[in-house]
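Here is a short report for a reader meeting this structure for the first time. It starts with the whole chain and then turns to its parts.

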Amino acid sequence: MTAAELEVKGVRSGYGDITVIRDVSFAVPSGSITVILGRNGAGKTTLLKTIAGLIPASAGDISIGGVSVIREPPYRRQMRGLGFVQENKRIFKRRSVEENLRMGAYAARLSRKEVAARMAEAYARFAVLGAKRRDVAGYLSGGEQQMLAISQALMSHPRLLLLDEPSAGLAPSIVQDVLDAVRRIKEEEGRTVLMVEQSVDLAISVADRVLVLDVGQVVHSGSPSDAGIREIVEDTYFGRAPAGRAASPAAIPAIAGVAGAGVAGAGEAGAGEAGAGEAGASGPPTPG
């Protein structure tokens, strides 16, 4: 049996008095790609941030490589082999491509030779970054910025890579390039990937395992080839209760509370986002 690179057991988290993630448990096998699906406000981004340590868990346990990190700050989790690519292309937009990559290696305390070797890996992974290594990151296209964000996270050679909607806002042709790179990161570099994705088709095309999240809870876990997976996801997106599974009694008030308190933004990318996103938080907008 393949060992789990990540184990989440009975985790709860949220924002202040608002609980977004409710008793979530799952494992991500080493060397696999697990994709989290769910509608907006389901808690997908909150879950990733809780795993990364940017949002504290109020209950449960999180283990990386068999070691509990539930009480460790984000930088300690990174040292244990976790990398996190947040949504909206969190890079240092006023810095060059090369400088962004160097910053990604800073916490790893590498020698100049090791940094140069890892930058060469980044340029081999995405050739366009090598061609634009001296360009200011804020002037890259959206797809190129996403490639840079992924490469920056990989500079520390994480065993576990968290990706939050890497396809968001990208042209279809670029989306395929990014997903092909994610597949190579697993197959050629041997890394484990946990990825949030909105597109069911994209998720199924790249995933080894699929989790469906709704109202902060896992409502399905299995293979992308499972019979009825599309129906399960559609039922979740449209708030329908599939045959054989009653609607959660907490679902309606929880959704109403999210809508009323504005947590559809807070539960995903809103509250706490400014504090959580160091890179690119003060950078200029990408020129149109």
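## Overall make-up

The protein's secondary structure comes to 12 helices and 10 strands. Helices (H or I, at least four residues) and strands (E, at least two) are DSSP runs, numbered from the N terminus. This is a predicted model: local features need pLDDT of at least 70, side-chain atom pairs count only at pLDDT 80 or more, and totals for chains, interfaces and linings use all residues. Residues are numbered from 1 along each chain as its sequence is written, and side-chain values use heavy atoms, with hydrogens and water left out.

Of the 288 residues, 48% count as buried. Buried means under 20% relative accessible area, exposed over 50%, and partly exposed in between (1.4 Å probe, protein chains only). Contacts between residues at least 6 apart in sequence were also sorted by separation: 71% of them join residues at least 24 apart. Contact means heavy atoms within 4.5 Å.

## The six-stranded sheet

An open sheet is formed by 6 strands in the order β6-β7-β8-β3-β9-β10, and its pairing is mixed. Two strands pair if DSSP finds at least two bridges between them. The edges are β6 (82-85) and β10 (217-222); each has a single partner strand, so one side of each is left without a neighbour in the sheet. From one strand to the next, the twist averages 15 degrees. Axes are lines fitted to C-alpha atoms, for helices over the stretch in contact, and angles run from 0 to 180 degrees between N-to-C directions. Helix α9 (residues 229-237) lies across β3, β9 (209-214) and β10. It runs at about 20 degrees to β9.

How many residues of strand β8 (residues 192-196) are buried? The count is 5 of its 5, and the strand is mostly covered. Thr192, Leu194 and Val196 point one way from β8. Val193 and Met195 point the other way. All are buried.

Strand β3 (residues 33-37) pairs with β8 in the parallel sense over 4 bridges. Here Ile36 stands opposite Val196 in β8. Strand β7 (residues 160-164) also pairs with β8 in the parallel sense, over 5 bridges. Leu161 has Val193 in β8 as its bridge partner. From β7 the chain crosses through helix α7 (residues 172-187) to β8, and this β-α-β crossover is right-handed. The term applies if, with the strands pointing away from the viewer, the path from the first strand over the helix to the second runs clockwise.

## The four-stranded sheet

Another open sheet has 4 strands in the order β2-β1-β4-β5, with antiparallel pairing. At the edges stand β2 (18-29) and β5 (67-68), each with a single partner strand, so one side of each is left without a neighbour in the sheet. Strand β1 (residues 4-15) and β2 pair in the antiparallel sense over 8 bridges. One of the links joins Ala4 to its bridge partner in β2, Pro29.

## Helix α1

Helix α1 (residues 44-52) has 9 of its 9 residues buried, so it is largely enclosed by the rest of the structure. Among them are Lys44, Thr45, Leu47 and Ile51. Just after α1, Gly53 takes a positive phi of about 90 degrees.

## Helices α3 and α6

Two packed helices are described by the angle between their axes and the distance between the axes. Helix α3 (residues 97-105) and helix α6 (residues 142-154) pack at an angle of about 30 degrees, with their axes 7 Å apart. The crossing of α3 past α6 is right-handed. A crossing is left-handed if the near helix is turned anticlockwise from the far one by less than a right angle, and right-handed if clockwise.

Val97, Asn100, Leu101 and Gly104 in α3 meet Leu148, Ser151 and Gln152 in α6. By class, this contact has 3 nonpolar, 4 polar and no charged residues. Ala, Val, Leu, Ile, Met, Phe, Trp, Tyr, Cys and Pro count as nonpolar, Asp, Glu, Lys and Arg as charged, and the others, Gly among them, as polar.

## Two single residues

Gln146 sits in helix α6. It is buried, with a relative accessible area of 2%. Leaving aside neighbours within four places in sequence, Gln146 is in contact with Val85, Lys89, Pro166 and Leu170.

Ala108 lies in the loop between α3 and α4 (112-125). This residue is partly exposed, with a relative accessible area of 28%. Ala108 and Met79 are 29 residues apart in sequence, and 7.4 Å apart in space, C-alpha to C-alpha.
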